[in-house]
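Please work through the exercises below with the sequence and the model at hand. Each task is followed by a stepwise solution.

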Amino acid sequence: MTSLAPVVRVRDLRKSYGSVDAVSGVSFDIHAGETFALLGPNGAGKSTTIEVLEGYRDRTSGEVSVLGVDPRRGGLGWKARLGIVLQSAAESGNVTVTEQLTHFAGFYQNPRRVGEVIEAVGLQSKAKTRIGKLSGGQRRRVDVALGIIGRPELLFLDEPTTGFDPEARHQFWDLVRRLKAEGTTILLTTHYLDEAAQLGDRAGVINEGRLIDIGAIDEIGGAEARVPLVRWRDEAGVLREARSHEPARIVAGLVASLGREPGDLEIIRPSLEDVYLGLVRGARPDPENSRETEVRA
Ligand SMILES: Nc1ncnc2c1ncn2[C@@H]1O[C@H](COP(=O)(O)OP(=O)(O)OP(=O)(O)O)[C@@H](O)[C@H]1O
């Protein structure tokens, strides 16, 4: 069986800024058509990693291949195959949305239609508006539009929905799903864990320059981190909780002993955000033991 070479291949990537080790030996692959979420707290090394892959930043050591090319040697032909939405975009206040996109479309051999891209990012009503007059979230949509106009094979999205209202974020998710359906490989960084859960196939969690976990979105953190939690208030008014793979059994036991449903009853299935927070805080959940613990206020 032959397997396709990964679109992105990173081995033991290191990047230091003077005495600061921003990235300290990170390795991962991203495969064709995959959406890979790189997650981590502020200063973890996500942007540095992405900028090395984009060819904007040199690395201290390690091997990197993006679309089969070392970004150190990536020429214009290679760059044209990438779509890049940086964390903060350049200002271009005096041109309209359509003018800016038409200008950028001219750099590519097979760009998307400007009107199609404007519609995809939901800026139809602002097509003739100068970019300087757009709101922060609307400008961010222009950044996304510029990132996809060239029909990229690999799209880098660095915190793409910062400043989006909830409706715009959902529209953006639909857009990313359409790009993915067309076969685009996507590297996403985001502080919105629901966004990573919605869009990602796999995730890597980076903390202090090191990859502390990598895997399918629903496997990050390991099975133990995903054991449901039952929470209720006991007869003395104390909030209690217990973890179990069979939460209904705990609830049934409580109902049987109380003769009624316990107060403030909740069954909580840990979200990616809960799992992520446990990972970056270094917390290990108790293995399943159904042991009751008191919840501190
Ligand atoms: N140009 C630079 N010069 C010196 N140090 C830098 C530079 N850029 C980043 N750093 C440092 O490198 C580390 C990693 O920063 P990086 O921007 O890669 O983190 P990040 O994970 O993208 O964070 P955020 O979520 O805040 O965007 C931080 O300690 C940061 O202060």
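The exercises treat the sheet and then the domains.

The model is predicted: local features need pLDDT of at least 70, side-chain atom pairs count only at pLDDT 80 or more, and totals for chains, interfaces and linings use all residues. Residues are numbered from 1 along each chain as its sequence is written.

**Exercise 1.** Determine the strand order of the open sheet and identify its edges.

Solution. 
Step 1. Strands are DSSP runs of E with at least two residues, and helices are runs of H or I with at least four, both numbered from the N terminus. Two strands pair if DSSP finds at least two bridges between them.
Step 2. The six strands follow the order β5-β6-β7-β3-β8-β9, and their pairing is mixed.
Step 3. β5 (82-85) and β9 each have a single partner strand, so one side of each lacks a neighbour in the sheet; these are the edges.
Step 4. A203 has G215 in β9 as its bridge partner.

**Exercise 2.** Describe how domain 1 meets domain 2.

Solution. 
Step 1. An automatic or database domain assignment supplies the bounds: domain 1 covers 8-219 and domain 2 covers 223-294.
Step 2. Their C-alpha centres are 37 Å apart.
Step 3. With contact defined as C-beta atoms, placed from the backbone, within 7 Å, 10 residues of domain 1 and six residues of domain 2 take part.
Step 4. On the side of domain 1 that touches domain 2, α7 (193-199), β8 (202-207) and β9 (210-216) each supply at least two residues. The most come from α7, with three residues.

Terms used
Contact = placed C-beta atoms within 7 Å.
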